Every structure is written in C-alpha cells, then in structure tokens.
Amino acid sequence: MRILINGLGLIGGSLAQALVKFTDHTVVGLDQNKDDLVLAKQSAVIDVVGESLAIEAPRADVIILATPVQVINQTLQQLATLPLKPGVIVTDTGSTKQTVLASAQGLQAKGITFIGGHPMAGSHKSGVQAANCDLFRSAFYLLVPAKEASITAVQTLQALLQVTNAKFLQVSPEKHDQLVALLSHVPHILAASLVNLASQDLRNDRGMLRLAAGGFRDMTRIASSDPEMWVDILDTNGPKILNLLYDYEKGLHQLEQLITTQDRAAIFDFFRQAKITREKIEADKQTGALPGFYDLHVDIPDKAGSIAQITTKLAQANINLVNIQILETRDEVNGVLQLTFANARDLQRAQQLLDIKKEVATWQD
Ligand SMILES: NC(=O)c1ccc[n+]([C@@H]2O[C@H](COP(=O)([O-])OP(=O)(O)OC[C@H]3O[C@@H](n4cnc5c(N)ncnc54)[C@H](O)[C@@H]3O)[C@@H](O)[C@H]2O)c1
Ligand SMILES: O=C(O)C(=O)C[C@]1(C(=O)O)C=C[C@@H](O)C=C1
C-alpha cells in the first residue's frame, strides 16, 4: 500500500517511522516545513518526500493527517475536492474529534471512508526530531469512525496501526471530546496557568527555579507543549472544556472558604478523597482493570555507571523496558530513575531482580 502522512511532527513522524520499520508499505511524507521533510527522509522516518497534497492524495491507499486540528479540518475539505481512490481510508491523529468528523462530511458524501484516530500518548516535545516508533506502545489509541465507515475498513486501519503496539478503543466523537477535555485538555490548561502564575516571581528571583522541585515540576511538565497545537484544541473543544473549568472554579472557591474558616476536618476530607481516587487509579492499573504503563522508581546514587548496572541486569534477565527516564526532581541529592515496563509481570520480575521491596526504593549495588 501507499500511505500518505501529512504533518511529520512528533505524532506523524512516530507513526511514519513505525510503518517504515515494521511493514513493507511505502510511506510518503508531506509537511509545510521542507527541512523537516529532508530530515525525515535522511533518518528513515519516511520512504518518499511527497510533492503536494493534490498530487499525492489521489495516489494513496491510506491518508493520515497529523497536523494541528484546524489544519486537519481544512485538509479534509480540500481532500473532498480531489479525485481520491474509491477504496482509500482517511484518518487523522487530532486531539479533538467533533469538528474533525464534521469536516469529513464532504468526503463521506463522496463515499470515501473516514475514521478519526487519536493516539493517547505523546510528549511535550514536538517536531520530527522527537519522533519515536515506540511512542504509542501500550497506550490507548482511540478510533472514532464516521457513521458510514464499514467494520471492515475499521479492521483494516486497526491492522495497519497494529505496528504501534497500541491498544485500540472505539468511541463516539461526543464521548471522545468529553473524555479528553477532562483527562488531557483541562490538565494542560492548569499546568500552563500554574507556570504563568509563578512566572513573575521566577523572573524576579531566578534562584527560585532551583526550589521548583517535586510538586511544581510534576504538575507542570506538560506546560512545555506546543502552543500552536493547544490553540487549535481549545478552539475545537471549547464548550466541554468550559463546563469542566466552571466546576473546577467552584471547587476552588469551596476550598478557599474552608481555608478562610480554618475548617481542618473538611480540608482533610478534600485531600483524603483525592488520595483515595488517585490510589484507586494506580490499583486498577496493577490489576489490569485500567491497562496502562507499569512504572518502577529507583533512587540511584550520583555515581558513574549506576544506570548501566541496572539496565544490564534487566537485559540479561530478558526483561523488556518500554521507557527509561531520569526524573529531575532532586538534582542535588540522588536521581530518581523511572523504569517503565509493558506489563505487571515484567514489573514484578524487575522488582525481584533489583530487590526492590516498595515502589520507590533505593538501588544498592
Ligand atoms: N503531541 C502530543 O502529545 C499529541 C498526542 C496525540 C495527538 N496529537 C495531535 O496530533 C497532531 C500532531 O501533533 P504533534 O504533536 O505531532 O505536533 P508537531 O508540532 O510535532 O507536528 C505537526 C506538524 O504539522 C506540520 N504542519 C503544520 N501545519 C501544516 C500545514 N498547513 N501543512 C502541512 N504540514 C503542516 C508542522 O510543520 C509539524 O511538522 C495534532 O493534531 C495534535 O493535536 C498530539
Ligand atoms: O504526555 C504528554 O506530554 C501529553 O500531554 C500527551 C497528551 C495527553 O494530554 O495525555 C497530550 C495531548 C494529546 O492529545 C494526547 C496525549
């Protein structure tokens, strides 16, 4: 098959790389950034640098749109004017779905299949340099088929995207946008507002940055995300985000009252409820009720070779690591190494191998 990907940033580039690496299909790339296209070709993220949408789209068997959402909306309208192959499957990776499905109506009117897609994994990084064929492993990949899309077409697309090792889940556009408003959009807004709240103080006293440990860093990593992408997300999921923000503000006002009246019991309850819910999410992950990543945190001494010792031990025992990351929360003390495994079994084996009794443990060599 000839697969056309428009937008070779983090998401389009990661999909392209997986398809090039693990299938025999020809992957053609398009992007407004010509330097990135050259880089994508040089680093084997794509097979072919495409000429233009008007030339490449009619040749494609599958078209993946991985640009910011409003560009996806425009491209869907443009595609409806082109002589596409009758059996082509068009999909996207946009973070919102209701406007995207509406923009695909012109294609559907012409009998072309559209199946919305949204890999629920990513990063605050952007661009083809950050592409990684393993980005979506074990993550959920939401599929939002148009009403007219056949089951066979959905199966064909899912089979193709299986190279990502993601877990597929079908949802309606309405449900999709509601879910991601809560689980992704509002958290990004809160992270960005927190950084903006702190920015004046940080500017006045740069030394303060060094104190921005644990809580602030954990809450704000995603504030480094690409603003262009987020303008389009808020632009296309406004009502759902606004409803949640109103509820959030209400909750904050209630908490302000509790602080003012020094209602210790109610404040305790506020944090207790959150702790119970957060721990339930973790517990569901462990039991498989909520499949996800399996993380192990190891305190490592600030000594050359510590990380190599750990990864060598895991490799020798044939335990596959999905991701490895140094959490930079305590840079003056020890580093915290986050090891991510694909399943509970690997996590348990690693825990035994490294002799780690609790979830956050100290690595002894
Ligand atoms: N970053 C994430 O965590 C994440 C996760 C899932 C889905 N998404 C969604 O996937 C899409 C891509 O996100 P990303 O993180 O890869 O962004 P990105 O900024 O890394 O990549 C977007 C690419 O689109 C290109 N582009 C922009 N306008 C274009 C145009 N008019 N024509 C051709 N190319 C154009 C840019 O040059 C860039 O290479 C977005 O819709 C985003 O909402 C992002
Ligand atoms: O891991 C991150 O950096 C992300 O923010 C990824 C994230 C998310 O909010 O979960 C961001 C937007 C996408 O639409 C999907 C995934």
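This is a predicted model: local features need pLDDT of at least 70, side-chain atom pairs count only at pLDDT 80 or more; totals for chains, interfaces and linings use all residues.
**The whole protein**

- Along the principal axes, the C-alpha atoms fill a box of roughly 65 × 55 × 45 Å.
- Buried residues make up 30% of the 365 residues.
- Take the contacts between residues at least 6 apart in sequence: 74% of these join residues that are at least 24 apart.

**Around ligand 1**

- The shell around ligand 1 has 28 residues, and those that come nearest are G7, G9, S95, G122 and S126.
- Four elements each supply at least two residues of the shell: α1 (10-22), α4 (69-79), β6 (113-119) and α10 (227-236).
- Helix α1 gives the most to this shell, with 3 residues.

**Around ligand 2**

- The residues that surround ligand 2 are S95, M120, A121, G122, S123, H124, S184 and I222.

**Helix α11 and what follows**

- Helix α11 covers residues 238-260, which makes 23 residues.
- From its first C-alpha to its last, α11 reaches 32 Å, close to the 33 Å expected at 1.5 Å a residue.
- Is α11 largely in the open or largely buried? The number of buried residues among its 23 is 1, so α11 lies largely in the open.
- After α11 comes Q262, in the loop between α11 and α12 (264-287).
- Q262 has a positive phi of about 50° although it is not a glycine.
- Q262 counts as exposed because it has 8 C-beta neighbours inside 10 Å, and the cut-off for exposed is 12 or fewer.
- Further along, D284 lies in helix α12 and counts as partly exposed, with 13 C-beta neighbours inside 10 Å.
- D284 and L258 are 26 residues apart in sequence, and their C-alpha atoms are 31 Å apart in space.

**Helix α9**

- R217 is found in helix α9, which covers residues 214-220.
- With 13 other C-beta atoms within 10 Å, R217 is partly exposed.
- R217 and A191 are 26 residues apart in sequence and 9.6 Å apart in space, C-alpha to C-alpha.

- L160 lies in helix α7, residues 151-161.
- Why does L160 count as buried? L160 has 20 C-beta neighbours inside 10 Å, and a residue is buried if the number is 20 or more.
- L160 and T23 are 137 residues apart in sequence, while their C-alpha atoms are 8.6 Å apart in space.
- N165 lies in the loop between α7 and β8 (167-170).
- Phi of N165 is positive, near 60°, and N165 is a residue other than glycine.
- N165 is partly exposed, with 18 other C-beta atoms within 10 Å.

**A buried loop residue: A57**

- A57 is found in the loop between α3 (53-56) and β4 (62-65).
- A57 is buried, as 24 other C-beta atoms lie within 10 Å.
- Which residues is A57 in contact with, leaving aside its neighbours within four places in sequence? The contacts are L4, I63, L79, L82 and L84.
- A57 and V90 are 33 residues apart in sequence and 9.9 Å apart in space, C-alpha to C-alpha.

Notes: Residues are numbered from 1 along each chain as its sequence is written. Chains are lettered from A and ligands numbered from 1 in the order in which they are written. A residue is near a molecule or strand if its C-beta atom, placed from the backbone, lies within 6 Å of it. The expected span of a helix is 1.5 Å times one less than its number of residues. Two residues are in contact if their C-beta atoms, placed from the backbone, lie within 7 Å.
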